[in-house]
Structures are given as structure tokens and as C-alpha cells.
Amino acid sequence: MMSSLPDQFHALVLGASGTIGAAFVDLLGAMPRCASVCGLHRHSTPRLDFTDENSIAEAARELATKPPYHLIINAAGMLHDGDLMPEKRLADLNYEQMQAIFQTNTMGPALLMRHFLPLLDGERAIMAMLSAKVGSIGDNQLGGWYSYRASKAALNMLVKTAAIELARKQKHSVLVALHPGTVNSRLSRPFRGEIIGRPAHDAASDMLTVLNTLKPSDSGAFLAYDGTRLPW
């Protein structure tokens with residue numbers, strides 16, 4: 001797997017303490033062709049905390065002293081947290097929840113792209129930002145989940161825009177938004193994820209298969225775990 005990357009490639013997983021992030025770390029760590037895989041999260045060294053803007057820049061500065069990365073995956077995201085559950089109606093909207101969701105799903109990832117895209121190898125490298133199909137405006141048929149949908153739609157725009165800039169500076173690199181599908185995880189459990197979701201390792205394996213096929217011309221795309229292009 002990941003045969004399109006150089007032998008002994010270096011990988012970085014952000015949000016590595018989550019179910020999907022941990023699965024990526026496990027799979028990459030087991031690949032003979034992967035020289036190293038680094039997983040960052042709020043309690044790692046260096047630490048990565050989307051509520052602390054400085055931690056993102058500081059983590060990137062520390063990792064800049066290491067070999068460049070051929071694969072960077074951001075698996076961090078928030079759908080619910082404690083009393084914060086997806087809003088079903090406009091009447092449920094409030095600043096506190098919207099700020100928390102956008103900080104994790106949009107603003108944190110935007111700063112990741114700012115600070116971590118320069119860490120990509122100049123010859124062949126891929127950065128994937130985990131998005132969600134419910135962030136598709138064209139595919140929205142059910143409504144609800146206001147903050148989550150909007151935060152992922154905004155992330156998709158940031159990925160598309162950053163990919164245009166990236167192509168001018170690192171023409172061999174690829175930046176995409178990637179939908180993992182429904183996975184049995186803490187994020188999906190309140191929504192029957194343990195019943196309808198598939199194992200995290202299966203989802204991560206599917207996504208790595210898609211990433212392995214990507215070319216620079218695919219940069220800026222919004223893709224599903226099976227390689228399908230999703231509507232914006």
C-alpha cells in the first residue's frame with residue numbers, strides 16, 4: 001500500500017488520539033515502506049491543540065527539523081462534545097456551539113494547512129484533510145446539523161483555495177478533502193454508528209487506497225473513501 005510514495009516515506013497523522021487517527025497510525029506503522037509515522041494530538045510531544053493557535057505553529061516549527069513528510073493526514077474533527085449535539089433546527093443555534101465546532105473543523109485545519117503544507121516533500125507528497133459528505137451543499141437533502149455541515153463546507157472551500165496556491169509553489173504535491181464514510185467511533189456512536197458504521201481500520205485502509213492513486217491534477221478535490229468525487 002502507498003506504492004506511489006517513495007520507499008521509506010515519512011508520514012504524519014494529526015488528531016492521532018481519535019479512532020480514525022489511531023487507525024491511520026497503526027496501518028502506516030505496519031507498512032515496511034513507511035520509514036516513520038508521527039502522530040500528534042493534544043497530549044503528544046509536540047502537542048497539537050486547536051484551542052491554542054500557538055501550539056499549531058510551534059509543532060510545525062519543531063517538526064521542520066525532521067525529514068520532510070510525504071503524507072500528512074488530518075483526522076481531527078468534532079460533531080458533538082458533552083452537551084453539544086448537532087442542531088436539528090435553527091432554534092437550536094448558539095454562539096458557543098458554533099464557535100467550538102468551527103474552531104475544530106475549520107479554523108484549526110486552516111492553520112494546519114498554513115503551517116504544515118511547507119513540511120511536505122518537494123517531489124511527491126499528499127496532504128488529506130478529513131471532511132464529511134454532509135458538508136456538501138449540493139448533496140444536502142435532509143437539513144439539520146447546521147454547525148457541522150457549515151464547518152465542513154467551509155473546510156472544503158479552504159482546501160480548494162489552498163490547493164490552488166499550493167500548485168504554484170509545490171507542483172508535485174496534492175491537497176484534498178476526504179470523506180471517511182460512517183465509521184464506528186465515539187463521534188458516530190450517538191447516531192447508531194456502532195450499527196451502521198464500519199471498523200476504523202477498514203475506513204482508514206480504504207482512504208489510504210484512494211490517496212495512493214492521486215496525482216497533482218487531483219489536488220483540490222473533494223473525495224469519498226471509495227474514490228468517488230463528491231459535489232461541493
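Analyst: Axes here are lines fitted to C-alpha atoms, for helices over the stretch in contact, and angles run from 0 to 180 degrees between N-to-C directions. Helices (H or I, at least four residues) and strands (E, at least two) are DSSP runs that are numbered from the N terminus. The model is predicted, so local features need pLDDT of at least 70 and side-chain atom pairs count only at pLDDT 80 or more, while totals for chains, interfaces and linings use all residues. Residues are numbered from 1 along each chain as its sequence is written, and side-chain values use heavy atoms, with hydrogens and water left out.

User: How are helix α3 and helix α4 oriented, given that their axes cross at roughly 15 degrees?

Analyst: Helix α3 covers residues 95-116 and helix α4 covers residues 146-169, and their axes come within 9 Å. Angles under 35 degrees count as roughly parallel, over 145 as roughly antiparallel, 65 to 115 as roughly perpendicular and the rest as oblique. With a crossing of roughly 15 degrees, α3 is therefore described, relative to α4, as roughly parallel.

User: Which hand does the crossing of α3 and α4 have?

Analyst: A crossing is left-handed if the near helix is turned anticlockwise from the far one by less than a right angle, and right-handed if clockwise. By this convention, the crossing of α3 and α4 is right-handed.

User: How many nonpolar residues are in the contact of α3 with α4?

Analyst: Contact means heavy atoms within 4.5 Å, and the residues that make it include Ile101, Phe102 and Met113 of α3 and Leu155, Leu158 and Val159 of α4. For the classes, Ala, Val, Leu, Ile, Met, Phe, Trp, Tyr, Cys and Pro count as nonpolar, Asp, Glu, Lys and Arg as charged, and the others, Gly among them, as polar. The contact of α3 with α4 has one charged and four polar residues, and its nonpolar residues number 13.

User: How far apart are the axes of helix α2 and α3?

Analyst: Two packed helices are described by the angle between their axes and the distance between the axes. Helix α2 (residues 53-63) is therefore roughly parallel to α3, and α2 passes α3 in a right-handed crossing. The two pack at an angle of about 25 degrees, and the distance between their axes is 9 Å.

User: How many charged residues are in the contact of α2 with α3?

Analyst: The contact is made by residues that include Glu53, Ile56 and Leu63 of α2 and Leu111, His115 and Phe116 of α3. By class, eight of the contact residues are nonpolar and two are polar, and the number of charged ones is one.

User: Is Arg149 buried or exposed?

Analyst: Arg149 is placed in helix α4, and, leaving aside its neighbours within four places in sequence, Arg149 is in contact with residues that include Val134, Asn140 and Leu142. Buried means under 20% relative accessible area, exposed over 50%, and partly exposed in between (1.4 Å probe, protein chains only). Because its relative accessible area is 13%, Arg149 is buried.

User: What is the relative accessible area of Gln170?

Analyst: Gln170 lies in the loop between α4 and β5 and, not counting residues up to four places away in sequence, touches Leu117, Pro118, Leu120 and Asp121. Gln170 is buried, and its relative accessible area is 17%.

User: What phi does Trp145 have?

Analyst: Trp145 lies in the loop between β4 and α4, and it is partly exposed, with a relative accessible area of 25%. Although Trp145 is not a glycine, its phi is positive, at about 50 degrees.

User: How many residues does helix α6 have?

Analyst: The buried residues of α6, among them Ala200, Met207 and Leu211, pack against α1 (19-29), β3 (71-74), β4 (125-130), β5 (173-179) and β6 (222-224). The expected span of a helix is 1.5 Å times one less than its number of residues. Helix α6 (residues 200-213) reaches 20 Å from its first C-alpha to its last, close to the expected 20 Å, and its number of residues is 14.
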